[in-house]
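This report describes the main features of one protein model for a reader who is new to structural analysis. Please keep the sequence and the structure in view while reading.

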Amino acid sequence: MEQDKRAEVLCLHGFRTSGSFLKKQISKWHPSIFQQFEMVFPDGLFPAGGKSEIEGIFPPPYFEWFQFNKEFTEYTNLDECISYLCDYMVKNGPFDGLLGFSQGATLSALLIGYQAQGKLLSDHPPIKFMVSISGSKFRDPIICDVAYKDPIKVKSVHFIGEKDWLKVPSEELASAFDEPLIIRHPQGHTVPRLDDVSVKQLSEWSSRVLEDLKSADVPEALDSGKPSDKEAAGAEFTENLVKA
C-alpha cells in the first residue's frame, strides 16, 4: 500500500437502519483509530419492510440487506443481496477490509468466507481484515458448510456485548476466524462506546493491519531478476501502484 493511500473499508449497516446511521455510530470511536482508512457506508439493497428500531432517534429512510424468518434459518433476497454487494465491491473498490454491525457483520463474514472458498469475488482482491460488531453466523447448513468450512484467515476483531441478545452467536462467529481479537463490552446490541483499554486494543490492531497491507505491496520477486532488470521491474511495479 502506498504511503499516502488509505485502506478502503466497506461498512455494512444493521437491519432496517442505514449507511448514514452506521457512520454516526462509528463516529463515537476515537477518530485516530481509523484516520488512515477510507470508510464507505452504502445503504442496504431493500427499503425497510417494517418498523425500524431507530425511528425517532435517527431520520429515515431505512434499509435492510435481506429478510429472514424468526429462527434465522430461511432467507429471502439473500442471493440478490450477495450479487449486489459483489458488483458494488468490484465497481467501487477494491476494498481492503469489511466492517459490519449486526446484519451487516453477518453478511461481511459470509462474503469473506465465500471468497476464501472460491465461491465469489474472484475478480476482487482477497479481503484482508474484518471488524464485526454484534455479528453472527448464518444457520442454514448449506451456507455453513461453505462459508465456515475452514478457519477464515483474515485479521478480525469482534465486539461482543455482555447484554447483547446476540452474545452467544457473536462468540460463535468469532470462533470461525483464525486468531480473532475479541473485545468485550458491558452494553447490549449496539456499536459500543470504547473505554481506554478498548481504544488501545483497537488502535494497535488497526496499526498492525496497516503494516500488513504495506508489507503486502512490497514486490517479492524483484531479487530473482537479473541485475539489469531490477530497475525496470521496480519502475513497472511503481507504475502499477499508481494506476491502482
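## A salt bridge within one helix

Glutamate 204 and lysine 200 are four residues apart in helix α6 (residues 196-216), so about one helical turn separates them. Their side chains meet in a salt bridge, with a distance of 2.6 Å from N to O. Side chains of opposite charge can pair when their charged atoms come close.

The two partners may also be described by their accessibility. Lysine 200 counts as exposed, because its relative accessibility is 52% and the cut-off for that class is over 50%. Glutamate 204, with a relative accessible area of 36%, is partly exposed.

## The model as a whole

The structure is a predicted model. The protein has seven helices and 10 strands. Of its 244 residues, 46% count as buried. The protein exposes about 12800 Å², and carbon and sulfur atoms supply 51% of this area.

Contacts in the protein can be sorted by how far apart the partners lie in sequence. Among contacts with a separation of 6 or more, 74% are between residues 24 or more positions apart.

How many salt bridges does the count come to? The count comes to eight salt bridges. One of them joins the side chains of arginine 16 and glutamate 64, at 2.9 Å from N to O. This pair links distant parts of the chain, 48 residues apart: arginine 16 is in the loop between β1 (7-12) and α1 (19-26), while glutamate 64 is in strand β4 (residues 63-64). Is glutamate 64 buried or exposed? Glutamate 64 counts as buried, because its relative accessibility is 2% and the cut-off for burial is under 20%.

Another salt bridge joins the side chains of arginine 184 and glutamate 171, also with 2.9 Å from N to O. Here the partners are 13 residues apart and again link distant parts of the chain, with arginine 184 in strand β10 (residues 181-185) and glutamate 171 in helix α5 (residues 167-174). Arginine 184 is partly exposed, with a relative accessible area of 40%, and glutamate 171 is partly exposed at 25% relative accessibility. Both residues belong to a network of salt bridges that links Glu162, Lys167, Glu171 and Arg184.

With a relative accessibility of 0%, leucine 173 counts as buried. Which residues does leucine 173 touch, not counting those up to four places away in sequence? They are Ala109, Ser132, Gly135, Ser136, Lys137, Tyr148 and His158.

Tyrosine 148 and leucine 173 are 25 residues apart in sequence, and their C-alpha atoms are 8.9 Å apart in space.

## Aromatic pairs

The structure holds 17 aromatic pairs. In one of them, the rings of tyrosine 88 and phenylalanine 95 have their centres 6.4 Å apart and their planes at 15 degrees, so the pair is stacked. Both tyrosine 88 and phenylalanine 95 are buried.

Ring pairs also link Phe15, Phe66, Phe68, Phe72, Tyr75 and Phe138 into a cluster. Phenylalanine 72, a member of this cluster, lies in the loop between β5 (67-68) and β6 (75-76). With 13% relative accessibility, phenylalanine 72 counts as buried.

Most residues other than glycine have a negative phi, and most peptide bonds are trans. Phenylalanine 72 has a positive phi, near 60 degrees, and is a residue other than glycine. Arginine 16 is likewise not a glycine, yet its phi is positive at about 55 degrees. Arginine 16 is placed in the loop between β1 and α1.

Where do cis peptide bonds occur? One joins proline 60 and proline 61, with omega about 10 degrees. Proline 61 is in the loop between β3 (46-47) and β4. Another cis peptide bond joins glycine 93 and proline 94, and here too omega is about 10 degrees. Proline 94 is found in the loop between α2 (78-92) and β7 (97-101).

Terms used. Residues numbered from 1 in each chain as written. Predicted model: local features only at pLDDT ≥ 70, side-chain atom pairs only at ≥ 80, totals over all residues. Heavy atoms only, no water. Salt bridge = Lys/Arg side-chain N within 4 Å of Asp/Glu carboxyl O. Helix = DSSP H or I, 4+ residues; strand = E, 2+ residues; numbered from the N terminus. Buried < 20%, exposed > 50% of the residue type's maximum accessible area, 1.4 Å probe, protein only. Contact = heavy atoms within 4.5 Å. Areas by Shrake-Rupley, 256 points an atom, 1.4 Å probe, with all protein chains shown as cover. Phe/Tyr/Trp six-rings, centres within 6.5 Å; stacked < 30°, edge-to-face > 60°.
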